[in-house]
Amino acid sequence: MSDFLSSPASRTYVSQRLRLHYVDWGNPEAPPLLLLHGGRDHCRNWDWIAQALCDKWHVIAPDLRGHGDSAHSPDGRYTMEAFVYDLAQLIHQQGLAPLNIVAHSLGGNIALRYTGLYPENVRRLVAIEGLGPSPRQLAKQAAIPAFEKMRTWIDEQRAMSSRQPRRYACVEEAFERMMQENPHLSPERARHLTVHGMSQNEDGSYSWKFDNYVRVFPPVDLPQAELEQLWQRITCPTLLVYGKQSWASNPAEDGRARHFRNAQVSLYDNAGHWVHHDRHDDFVTEIEQFLADE
């Protein structure tokens, strides 16, 4: 890989008056490949994947609103429609369509919705554990009255308004926290994610970059039947990736895979929720082949 590609260029774009950040790994003459991170994460989560693919692809990785170096929503609300709009704006403004997308968790959920809205804009899609709650979890949520969901959301938002970002005395302390939360990560990766995921406060302490309000899920979203209609509109080849040791439900077993026209489920042993970290080499090999297939 060329030396100038060893670090990406930092760029910004505007969506709903928010200045949002993304990194660009160069090679603009190559086909576009967008990498979309998950909740409470950041774009530099993709550095190892980007470095493996940027010789063949024009790799772009955005920070979601409220994450990384992107602006926080002034009202503290983070809805799925806002995330989808941000993605649509980046693709529109940078003229990336038709493009390929690899996305993780929350990013996968966003990418699946976008692809259902604009199936002509996506050539191939890889979603790592991005389908959202399992049917069992959805059934539990459906049993909760709407008024109770709304009251809970108000209580959580109010509680978050008084919650200050956690402060760490040093990066090493935050690194130890990262290792506790993600036991599958190697120390090298955990440290890299920690360094790029933190900012230093005025008093010299460190805090995570993501907005605390992203912890609170909106009380209202698309009904599951309408979300499944979006999945059914996806026409491009789709790879649904899952880790056998993850908490997430396997869509090949719970029935959700049947809502896709052209999808396959890839299950990785010895992997948790972050398959692209836990089984990096095998994951890169698979998506290189998947993206290259015609």
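**Exercise 1. Determine how many cavities of 30 Å³ or more the model holds, and describe the largest one.**

Solution. Rolling a probe the size of a water molecule over the atoms shows where empty space is left. On a 1 Å grid over the protein atoms alone, a cavity is a set of points where a 1.4 Å probe fits but cannot get out, and lining residues have an atom within 4 Å of a point. Points are joined across faces, edges and corners, and the volume is the space filled by probe spheres set on them. By this rule there are two cavities of 30 Å³ or more. The model is predicted: local features need pLDDT of at least 70 and side-chain atom pairs count only at pLDDT 80 or more, while totals for chains, interfaces and linings use all residues. Residues are numbered from 1 along each chain as its sequence is written, and side-chain values use heavy atoms, with hydrogens and water left out.

The largest cavity has a volume of about 70 Å³. Its lining includes Tyr 13, Leu 20, Leu 36, Asp 63, Arg 65 and Phe 83. Helix α2 (residues 80–93) gives the largest share of this lining, four residues; helices (H or I, at least four residues) and strands (E, at least two) are DSSP runs, numbered from the N terminus. Sorted by class, the lining of the largest cavity has eight nonpolar, no polar and three charged residues. Here Ala, Val, Leu, Ile, Met, Phe, Trp, Tyr, Cys and Pro count as nonpolar, Asp, Glu, Lys and Arg as charged, and the others, Gly among them, as polar.

**Exercise 2. State which residues line the second largest cavity, and give its volume.**

Solution. The volume of the second largest cavity is about 50 Å³. The lining is formed by Gly 76, Arg 77, Tyr 78, Thr 79, Trp 153, Gln 157, Val 216 and Pro 218. By class this gives four nonpolar, three polar and one charged residues.

**Exercise 3. Describe how α2 packs on helix α3 (residues 106–117).**

Solution. First, the geometry: the axes of α2 and α3 come within 9 Å and cross at roughly 70°. Axes are lines fitted to C-alpha atoms, for helices over the stretch in contact, and angles run from 0 to 180 degrees between N-to-C directions. α2 is therefore roughly perpendicular to α3, as angles under 35 degrees count as roughly parallel, over 145 as roughly antiparallel, 65 to 115 as roughly perpendicular and the rest as oblique.

Next, the hand: α2 passes α3 in a right-handed crossing. A crossing is left-handed if the near helix is turned anticlockwise from the far one by less than a right angle, and right-handed if clockwise.

Last, the contact (heavy atoms within 4.5 Å): among the residues involved are Phe 83 and Leu 87 of α2 and Ile 110 and Tyr 114 of α3. The contact of α2 with α3 has 11 nonpolar, one polar and one charged residues.

**Exercise 4. Repeat the analysis for α3 and helix α8 (residues 224–233).**

Solution. The axes of α3 and α8 are 7 Å apart, at an angle of about 65°. The two helices are therefore roughly perpendicular to each other. Their crossing is left-handed. Leu 112, Arg 113, Gly 116 and Leu 117 of α3 meet Leu 227, Leu 230, Trp 231 and Arg 233 of α8.

**Exercise 5. Locate the cis peptide bond.**

Solution. The cis bond joins Ala 97 and Pro 98, with omega about -5°. Pro 98 lies in the loop between α2 and β5 (99–104).

Definitions and conventions
On a 1 Å grid over the protein atoms alone, a cavity is a set of points where a 1.4 Å probe fits but cannot get out, and a pocket is an open set with protein on both sides within 12 Å along at least five of seven lines; lining residues have an atom within 4 Å of a point.
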